[in-house]
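Visitor: I would like to learn how to read a protein model with some care. Could you take me through one, feature by feature?

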Amino acid sequence: NLLSVAAMIPGYNLLDVALGREGREEFLSRTFYAYDAFSFCNERLPPSAKILFIGENQGYSCDRDFLSNSPLDDNIIVGIVNSSDSGTEIGERLKEMGITHILYNASEAKRVDINYSSFNWADEEAEVRFCHFLFSGEFLRPVFSRSGVLIYELQS
């Protein structure tokens, strides 16, 4: 019986969902830590938004246009940063691609870097350029942060 199977999966309380004690949104928010970020994108970003995912490649919950890569592909942002001389140039290149927002998943970025060497910077200066671009507040405006998933808007 399906209900007894749902009750046997520890930590998810699928039985509560199956019986209607917990709603779909609450369940997904509780069990999929990036779900709230995707909900924010779907509900708060303009339909014309185009989001670059960094450290995230599962976009099936995102109803906006997005660009991502698997950990096995060349990393889009690394290619841009490695071939740019400044944060201003990084921002210009992203805008040329139509990118309006960045979704940065910190724990996934760390995981794919450790497991797949996805952030293969050309040199230490490139990594510094990336961190300055992402975190300085000079090029991006934070619009969402929860559970280590951040969404930024590119500054004009």
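**Reading a predicted model**

Guide: The chain averages a pLDDT of 88, and 80% of the residues score at least 70, where pLDDT is the predictor's confidence in each residue, from 0 to 100. This is a predicted model, in which local features need pLDDT of at least 70 and side-chain atom pairs count only at pLDDT 80 or more, while totals for chains, interfaces and linings use all residues. Residues are numbered from 1 along each chain as its sequence is written, and side-chain values use heavy atoms, with hydrogens and water left out.

Visitor: Over which residues does pLDDT stay under 50?

Guide: That is the case for residues 1-7, for which the model has six contacts beyond four places in sequence, a contact meaning heavy atoms within 4.5 Å.

Visitor: How many helices and strands does the chain have?

Guide: There are eight helices and five strands, and along the sequence they follow the pattern α-α-α-α-β-β-α-α-β-α-α-β-β. Helices (H or I, at least four residues) and strands (E, at least two) are DSSP runs, numbered from the N terminus.

Visitor: Which residues of helix α7 are buried?

Guide: An α-helix has 3.6 residues a turn, so residues three or four places apart point the same way. In α7, which spans residues 106-116, the buried residues are E108, A109 and V112; buried means under 20% relative accessible area, exposed over 50%, and partly exposed in between, with a 1.4 Å probe and protein chains only. Seen down the axis of α7, these buried residues fall within an arc of 105°, so they line one face of the helix, the arc being that of the directions from the helix axis to the C-beta atoms. On the other side of α7, K110 and I114 are exposed, and what covers the buried residues includes β3 (101-105).
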